[in-house]
Amino acid sequence: MRDETVRLALPASGEATERPISIAIVAMGGQGGGVLTDWIVQLAENHGWVAQSTSVPGVAQRTGATIYYIEAMPPAGGRKPILSLMPTPGDVDVVIAAEFMEAGRSILRGLVTPDRTTLIASNHRSFAIGEKIAPGNGIADGGAVTGAIGIAAKNEIIFDLNALAIAHGSVISAAMFGALAAADVLPFSRDSYLDVIRAGGKGAKASIETFGAAFDRVKSGVADIAAPAQARQAVPSPATPDPDLAGLVARLNQELPEPALAMARAGLRKVVDFQDVAYGGEYLDILRTLHAADRNAGGGARTYAFTEAAAKYLANAMTYDDVIRVADLKTRAGRRARIESELEMSDGQVLQTTEFMHPRMEEVMGMLPANFGRWLGAQPRLLGWLDRRVNRGRRVRTYSLPWFLALYAVGGMRGLRRRSLRHAIETAHRDGWLKAATDAVGTNYQLGVEILQCRRLVKGYSDTHSRGLSKFDRTLAAIKLVGRRDDAADWARRLREAALKDSAGKALDGVIQTIRTFA
């Protein structure tokens, strides 16, 4: 077979050592990754270079960042170079990551190498969907990223670029641009960078201030590789304190030990905000009884760990998410202000929110008086007829007047809550859980603490609450099987952690099956 392929002479445009400067940017929506890419391309073209940029979008809702890739180099002999569309592992000069875990993913992809790459990254965290939806603590450990950075990168510039940008009223892209300028990996002056920002017009002043702050931070050589600790935000006190609430706080300070005070104060605020001051008094009554059991079990030698855990998880149990609570939270002025702040809305912009709500008949029935709700629950045909009309999704325009008034009215029904069927069910369930913990703490102190901590499994609303409650009940039933063993607390911890691993409860099923082999 004849080969009729026409082969043309394609001589190299320059020495084999000539190569473009390659820059990979990983950023999430709203962080200005596209703007930063345009700035870098414009910067190169202003100096007569040939520059090319491409982007590969990530999945929405923070399951993946967009990768922007830039290659730039000066033309050789009037001939334009052919540039790559995607970064090649081991061949990237600069990686700019707008979030700490994205820096780690860049290292895993092989984009960061010790012989070539300068890594510029912000060490703040923006949690991924996988981290947020985990039943327990799904936050990924940033320690592995911290340890890898010093090994994987040739040079590293790591600090909280996001906080710096916020402090100067801008976005993180301007801070990353300033850090890139200070890194001296591109042969352009600081003024050239600033000219690009000025040409953008809108928001240039804040961007220039952020650029300068980042540039100066890098040039000062201040090291800050480790991710900053998340500081606890203090809960502000009300402007005009309720004298009854002040009395409850004074009572709390007298009745509870020092190690549990901070948690109990937070719990009291949460309970009163959920219902009223009288409900806060009930919280303290129960907590006092639990502390007495703790004291009798020798809790003083264990810094009253049982009382501290009770202060936290009792408050959570007493502030369950019902229809009234959800409606109340969605119509609070503070919620609207928070959303406007997160969206960085400017004057003249209008905010409209549409939310998907899917109430089941169980939630509606839970609002009814306890006796009537139980009667309705015993009428399957009537209940089914009502469920077919209630159990469907609705798109609710929260801040349209009709829907706002409807939700506001439901949120104002908290005065009826303590006579409702849902409250009766929650109270009975809560009392059974506390009895199990109190019975255990007298003979096995740590087991009592572990049973209290099992309340972590119950959270959320509607189907989420039902799944959590099911796993909670199965966990407590399994704990009873090992309650007399010396290692009962260890098994309780394993059961709880297994239940928190996945929403389907497969890991929990495995531990329960193991227990049944020897119980």
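What follows is a set of questions and answers on this predicted model.

Residues are numbered from 1 along each chain as its sequence is written. In this predicted model local features need pLDDT of at least 70, side-chain atom pairs count only at pLDDT 80 or more, totals for chains, interfaces and linings use all residues, and side-chain values use heavy atoms, with hydrogens and water left out.

Student: What volume does the largest cavity have?

Tutor: A cavity is a set of points, on a 1 Å grid over the protein atoms alone, where a 1.4 Å probe fits but cannot get out. Points are joined across faces, edges and corners, and a volume is the space filled by probe spheres set on them. Two cavities of 30 Å³ or more are counted. For the largest cavity the volume is about 40 Å³.

Student: Which element gives the largest share of the lining of the largest cavity?

Tutor: Lining residues have an atom within 4 Å of a point; among them are Ile 21, Trp 49 and Phe 188. Strand 1 (21–27) and helix 1 (33–46) each give two or more residues, where strands (E, at least two residues) and helices (H or I, at least four) are DSSP runs numbered from the N terminus. The largest share, three residues, comes from helix 1.

Student: Is Pro 243 buried or exposed?

Tutor: Pro 243 is found in helix 9 (residues 243–255). Buried means under 20% relative accessible area, exposed over 50%, and partly exposed in between (1.4 Å probe, protein chains only). Because its relative accessible area is 64%, Pro 243 is exposed.

Key:
1 Å grid on protein atoms, 1.4 Å probe; cavity = no way out; pocket = protein on both sides within 12 Å on 5 of 7 lines; lining within 4 Å.
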